[in-house]
Amino acid sequence: MPRRFFRKFAFKRQHLSELWFMSPFRGMLQDHRLWGIRRRTVVPAFSLGLFIAFLPTPGHTLIAALLALMLRVNIPVAALSTWVSNPVTIFIMYPGAYHLGNVILGAPAQDVAFALSWDWLTHTFVTIWQPMLLGSVILGVGAALLGYVGLDLLWRASIADYKSRKREIRNKRSR
């Protein structure tokens, strides 16, 4: 089931390599692990994307794609799983990361209103970056571990179910 699900969204390697702006990367993009729908490449890519999603940096999708290229895991899954952080969820994720970092560092909690603006970034973020970064890394590692274990278990259960159904069909035919 997971393989069929991910195959629906799979990019065609040949089509992507024919695009003019991808010409510098054609040699690197020919590795089947970067595009194939296999448990050994999809599960780590999903985990990588979840970790990147929690980091308070811009360009999550690009960072995940480049790291997936370096680690030889599925690029589209890594890039798409970073979309867990979006304009709706960041107002839950980042305050939670800040409060977790404050608790761990034992710093006095400040009443911080999160906003997507340059003024907030230059004035407020400068004072809270340490607890927020620590909390983001911890939550990112936790989400990556949960995503890895959860998707791996789901994938293995799906394979076991598929094999048991095939075995039943084979046994019915042999009777």
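Arg 39 has a relative accessible area of 23% and is partly exposed. For this and later views, buried means under 20% relative accessible area, exposed over 50%, and partly exposed in between, with a 1.4 Å probe and protein chains only. Please keep in mind that this is a predicted model: local features need pLDDT of at least 70, side-chain atom pairs count only at pLDDT 80 or more, and totals for chains, interfaces and linings use all residues. Residues are numbered from 1 along each chain as its sequence is written, and side-chain values use heavy atoms, with hydrogens and water left out.

**View 1. The fold is built from 7 helices and 0 strands.** Helices (H or I, at least four residues) and strands (E, at least two) are DSSP runs, numbered from the N terminus. Along the sequence, the pattern reads α-α-α-α-α-α-α. How many of the 175 residues count as buried? The share is 35%. Taking contacts with a separation of 6 or more, 68% of them join residues 24 or more positions apart; a contact here means heavy atoms within 4.5 Å.

**View 2. Helix H3 (residues 39–53) packs on helix H7 (residues 118–174).** Two packed helices are described by the angle between their axes and the distance between the axes. Here the angle is about 155° and the axes are 7 Å apart. Each axis is a line fitted to C-alpha atoms, for helices over the stretch in contact, and angles run from 0 to 180 degrees between N-to-C directions. H3 and H7 are therefore roughly antiparallel to each other. As for the wording, angles under 35 degrees count as roughly parallel, over 145 as roughly antiparallel, 65 to 115 as roughly perpendicular and the rest as oblique. Among the residues that make the contact are Arg 39, Val 42, Phe 46 and Leu 50 of H3, together with Val 141, Ala 144, Tyr 148 and Asp 152 of H7. Sorted by class, the contact of H3 with H7 has 14 nonpolar, 3 polar and 3 charged residues. In this scheme Ala, Val, Leu, Ile, Met, Phe, Trp, Tyr, Cys and Pro are nonpolar, Asp, Glu, Lys and Arg are charged, and the others, Gly among them, are polar.

View 3. Side chains of opposite charge can pair when their charged atoms come close. A salt bridge is a side-chain nitrogen of Lys or Arg within 4 Å of a carboxyl oxygen of Asp or Glu, and the whole structure holds 3 of them. Asp 152 pairs with Arg 39, with the closest N and O atoms 3.0 Å apart. Is Asp 152 buried or exposed? With 12% relative accessibility, Asp 152 counts as buried. Asp 152 also meets the side chain of Arg 156, at 3.0 Å from N to O. Arg 156 is partly exposed at 44%. Further along, Arg 165 and Asp 161 form a salt bridge of 3.3 Å, N to O. This pair too lies in helix H7, 4 residues apart and about one turn of the helix. Arg 165 is partly exposed at 40%, and Asp 161 is partly exposed at 39%. Shared partners join Arg 39, Asp 152 and Arg 156 into one network.

**View 4. Asn 102 of helix H6 (residues 90–105) is buried.** The relative accessible area of Asn 102 is 5%. Which residues does Asn 102 touch, not counting those up to four places away in sequence? They are Ala 107, Pro 108, Ala 109, Gln 110 and Pro 131. Asn 102 and Pro 131 are 29 residues apart in sequence, yet 5.2 Å apart in space, C-alpha to C-alpha. Around this pair, the axes of H6 and H7 come within 6 Å and cross at roughly 105°. That makes H6 roughly perpendicular to H7. The contact includes Tyr 94, Ala 97, Gly 101 and Asn 102 of H6, and Pro 131, Leu 134, Gly 135 and Ile 138 of H7. By class, the contact of H6 with H7 has 13 nonpolar, 6 polar and no charged residues.
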